[in-house]
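Here's a quick briefing for anyone opening this structure for the first time. Have a look around, then read on.

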Amino acid sequence: MSAAVATLTAVESTLTGASTSQTRDYQRLKAKVHQELLNRLNLERLTRVKREDAEPEIRRVIAVIIEGQLSTTPLSLRERETLVTDVLNELFGLGPLEALLRDPAVSDILVNRHDLIFVEREGKLEETDIVFKDDRHLLQIIERIVSSVGRRIDESSPMVDARLQDGSRVNAIIAPLALDGPVLSIRRFRTDRLGAQDLVGRESLTQPMLDFLKAAVACRLNIIVSGGTGAGKTTLLNILSSFIGQTERVVTIEDAAELMLRQRHVVRLETRPANIEGKGAVKQRDLVVNALRMRPDRIIMGEVRSEEALDMLQAMNTGHDGSLTTIHSNSARDALYRLDTMVAMANLSIPERAIRQQIASAINLIVQVTRQSDGTRRVTGITELTGMEGEVITMQDIFLFEKTGLRPDGKVCGRFRATGIRPKCSDRLAQSGFRLPADMFEHTKVVG
């Protein structure tokens, strides 16, 4: 087997353990073909045409170039086609990452170094055999991504957030902040959006839990979805938003647009980072204030992170009920602590008790989501805020997921359990036509 054959197979991830020298041989061959192609093409004309329009002509040119290399590097027809595809990806796409971007099972692409790339599939991280030629090659791809959205990345501005055409969120960081070379993280979003019943089918929650949340959204309770990174907060927020009526005006506010609401009457707002001179930034707090002037029925904030928490709480307390947001937190109680801290960031010298009273009166439910050790995402708690006792916000759990162990294959075992407590908001739901059955709050389901 030739070095090119072995390395091409390794790049396709069908053979593990390819040697470093084989990988280098393939990268050199691809770079040589790519450079020769650039020398022959009219790049100015190429930038004005779409890939699908230019691809037939470019494939013919690449085929001619490869033909000239066959005397030194024999390639089969399949290997030639793989090389042609890789060169096209270098020219039009994101190079070695294109294969991962076409894989619907990949939810995250994590480039730690040019030669160390991980992906997440079904909630679990795994190393890939895909590599870039070197740091410069990786940096070229990063620059292609950020320049497409009018941004730049260099030593004076070594961190950047961007978005791909398909909506995937991108973060890149380079030297001098990244010590081992450029680092690239891509968070992808499903093109086949999950529905509410998909969550039940995947045992992410039970039907009674879903019915309760559907009623809560329809009755305009204010809900926070809490969880860690990659726990599925945005996915759940999208599904909860699907229960909002089609006649309501919804304004969404996000740092990076991820929400995909299905209603027609939606206004989407996104923050803007500062320019190179450090000016022109528009923060979430500015957008919340502006959203209140847009006659919203509901405000949905992708994630509350800082002092905008105060404006969000005030909006919830002044007639904009039915609002939804997410927060990074490991439990419902931790979510309250974080909200408390975020409001303090506004530097308005508001007494702690007053802050907590605002939180207690604004928030109705906290839905906790967790990514578990086997990669599954589950709603592990639905908690209701019930008021204040002294300086403490009082809460009661309505539904819980209790982990009971692991199967030999690593699958998490447990049970969804209703606590038996009838929520305080039941009367409000009943007044809106949602009379929940009493046995809903006595339900138990074993999973795993």
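What follows is a short tour, from the overall picture down to a few single residues.

This is a predicted model, where local features need pLDDT of at least 70, side-chain atom pairs count only at pLDDT 80 or more, and totals for chains, interfaces and linings use all residues. Residues are numbered from 1 along each chain as its sequence is written, and side-chain values use heavy atoms, with hydrogens and water left out.

**The big picture**

- The secondary structure comes to 15 helices and 16 strands, where helices (H or I, at least four residues) and strands (E, at least two) are DSSP runs numbered from the N terminus.
- Of the protein's 448 residues, 48% count as buried; buried means under 20% relative accessible area, exposed means over 50%, and partly exposed is in between (1.4 Å probe, protein chains only).
- Take the contacts (heavy atoms within 4.5 Å) between residues at least 6 apart in sequence: 57% of them join residues at least 24 apart.

**The nonpolar cores**

- A nonpolar core is a set of buried Ala, Val, Leu, Ile, Met, Phe, Trp, Tyr and Cys residues joined through side-chain atoms within 4.5 Å.
- The largest one has 45 residues, and the members touching the most others are Phe-212, Ile-223, Leu-240 and Phe-399.
- Elements that each supply at least two residues to this core include helices H8 (196-201), H9 (207-218) and H10 (233-241), along with strands E7 (223-227), E13 (377-389) and E14 (392-406).
- H9 gives the most, with 7 residues.
- Leu-240 touches Leu-213, Val-217, Ile-223, Val-225 and Leu-324, leaving out residues up to four places away in sequence.
- There's also a second, separate core of 34 residues, with Ala-291, Met-301, Ile-359 and Ile-363 among them.

**Aromatic pairs**

- The whole structure holds 4 aromatic pairs; rings of Phe, Tyr and Trp (its six-membered ring) pair if their centres lie within 6.5 Å, and planes under 30 degrees apart count as stacked, over 60 as edge-to-face and the rest as tilted.
- Phe-212 and Phe-399 make a tilted pair, at 6.0 Å centre to centre with 55° between the planes.
- That pair links distant parts of the chain, since Phe-212 is in helix H9 and Phe-399 is in strand E14, 187 residues apart.
- Phe-399 also forms a tilted pair with Phe-441, at 6.1 Å centre to centre and 40° between the planes.
- Here the partners are 42 residues apart, with Phe-441 in the loop between helix H15 (426-431) and strand E16 (444-447).
- Phe-212, Phe-399 and Phe-441 form one aromatic cluster; Phe-212 and Phe-399 are both buried, and so is Phe-441.

**Helices and their neighbours**

- Two packed helices are described by the angle between their axes and the distance between the axes.
- Helix H5 (residues 77-92) and helix H7 (residues 135-147) pack at about 50°, with axes 10 Å apart; axes are lines fitted to C-alpha atoms, for helices over the stretch in contact, and angles run from 0 to 180 degrees between N-to-C directions.
- H5 and H7 are therefore oblique to each other, because angles under 35 degrees count as roughly parallel, over 145 as roughly antiparallel, 65 to 115 as roughly perpendicular and the rest as oblique.
- In helix H14 (residues 352-362), Ile-355, Ile-359, Ala-360 and Ala-362 are buried, and the buried residues of H14 pack against helix H12 (308-317), H13, E13 and E14.
- Met-342 sits in helix H13 and counts as buried at 1% relative accessibility.
- The C-alpha atoms of Met-342 and Leu-310 are 7.6 Å apart, though the two residues are 32 apart along the chain.

**Loop spots worth a look**

- Ser-329 is in the loop between strand E11 (324-328) and helix H13 (332-344), and it counts as buried because its relative accessibility is 7%.
- Beyond its neighbours within four places in sequence, Ser-329 is in contact with residues including Ser-226, Asp-334 and Gln-368.
- Most residues other than glycine have a negative phi, and most peptide bonds are trans.
- Asn-347, in the loop between H13 and H14, has a positive phi near 55° and is exposed, with a relative accessible area of 66%.
- Ser-349 lies in the loop between H13 and H14, has a positive phi of about 55° and is exposed at 75%.
- A cis peptide bond joins Ala-175 and Pro-176, with omega about 10°, and Pro-176 lies in the loop between strand E5 (169-173) and strand E6 (183-187).
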